[in-house]
Amino acid sequence: MERKKRILRRGWFSGCVSYLYLTILAVIAVFPLAWVLLSSVKSKSDLASDPLALIPKVFTAENYRIVFEQMNFGNNVLNSIFIAGGTTLIAIAISCLGAYGIVRYCPRIGKAITRVLITTYMFPPILLAVPYSIIMGKMGLMNNRFGLMVVYLSFSVPYAIWLLVGFFKTVPLEIEEAAKVDGAGKLQTFQKVVLPIVAPGIVAVAIYTFINAWNEFLYSLILMNSSSKMTVAVALKSLEGQEVLDWGVMMAASAVVVIPSVIFFMLIQKKIAGGLAQGSIK
């Protein structure tokens, strides 16, 4: 009896230590975002007098009004949402079909194909800046959102296929054969049986592709020369070039850039915990 009590006490103590440790890590991770959000609603006098203060003396939305009305930052946000969202959807469609085709229809050369795909990441993006600019110029896709999406897809699809190949390999062939016996076609088997099993991989690809496209700066700066088609990364960087940097406006713009990524991750995080067994049951 006493031994059981000791075990329970140890379990309770270790649980408290674990929760305390995780709470401290969560506070450290959330603090920068909270500081940016709180600084974005500070007045200029608060930022000038005590910029390190966490809680503002006076809450104001003036910085956000300047960002959206005077700087037209909302248009840049819509551009980034359209480009990053479109790139993510197209990358998922292409990578799912490509990875499934490699695993099921050409397994012998699948390893060689995936190695060739992943070798594209050996070269830094800056090396391809000039060739991409020439190609996009000849195709008439300079200063074009779809042209920028094509460039992003060329970087995201190879890695996405390489990542999903490992997930598709875990799908038992017997499950697909059982679906075919039940009368399901190849497309139905792929949509209703295979994709739910590899859902965690698809979510990982979506997060990787969206965040990379949202934060990308180099090619957006090179290929977009119109302020109306500029993405948020370039628009935010342009604030640093002002003679007098308004930190309140900078914090408000930074919050606008960060919040969509956080919302996207919160909407999709439930799918990350999906397991292979749960997907096969579905």
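Is Glu62 buried, partly exposed or exposed, and at what relative accessibility? I looked this up first. Glu62 has 35% relative accessibility, so it counts as partly exposed. I note that the model is a predicted one.

**Entry: salt bridges**

I searched for salt bridges and found 3 in the structure. Glu62 pairs with Arg65, with 2.5 Å between the closest N and O atoms. Both residues sit in helix 3 (residues 62-70), 3 residues apart, about one turn of the helix. I checked Arg65 too: its relative accessibility is 31%, so Arg65 is partly exposed.

Arg65 also meets Glu69 in a salt bridge, at 3.1 Å from N to O. This pair lies in helix 3 as well, 4 residues apart, again about one turn of the helix. Glu69 has a relative accessible area of 55%, so I list Glu69 as exposed.

Next I looked at Arg104. Its salt-bridge partner is Glu176, and their closest N and O atoms are 2.8 Å apart. This pair links distant parts of the chain, 72 residues apart: Arg104 is in helix 4 and Glu176 in helix 8 (residues 173-181). Arg104 is partly exposed, at 23% relative accessibility. Glu176 has 2%, under the 20% limit, so Glu176 counts as buried.

I then traced shared partners. Salt bridges join Glu62, Arg65 and Glu69 into one network.

**Entry: helix 4 and helix 7**

Last, I followed helix 4 (residues 73-105) to helix 7 (residues 145-169). Their axes come within 7 Å and cross at roughly 40 degrees. The crossing is right-handed. I sorted the residues of this contact by class: 21 are nonpolar, 6 polar and 3 charged.

Definitions and conventions:
Residues are numbered from 1 along each chain as its sequence is written. This is a predicted model: local features need pLDDT of at least 70, side-chain atom pairs count only at pLDDT 80 or more; totals for chains, interfaces and linings use all residues. Side-chain values use heavy atoms; hydrogens and water are left out. Axes are lines fitted to C-alpha atoms, for helices over the stretch in contact, and angles run from 0 to 180 degrees between N-to-C directions. Helices (H or I, at least four residues) and strands (E, at least two) are DSSP runs, numbered from the N terminus. A crossing is left-handed if the near helix is turned anticlockwise from the far one by less than a right angle, and right-handed if clockwise. Ala, Val, Leu, Ile, Met, Phe, Trp, Tyr, Cys and Pro count as nonpolar, Asp, Glu, Lys and Arg as charged, and the others, Gly among them, as polar. A salt bridge is a side-chain nitrogen of Lys or Arg within 4 Å of a carboxyl oxygen of Asp or Glu. Buried means under 20% relative accessible area, exposed over 50%, partly exposed in between (1.4 Å probe, protein chains only).
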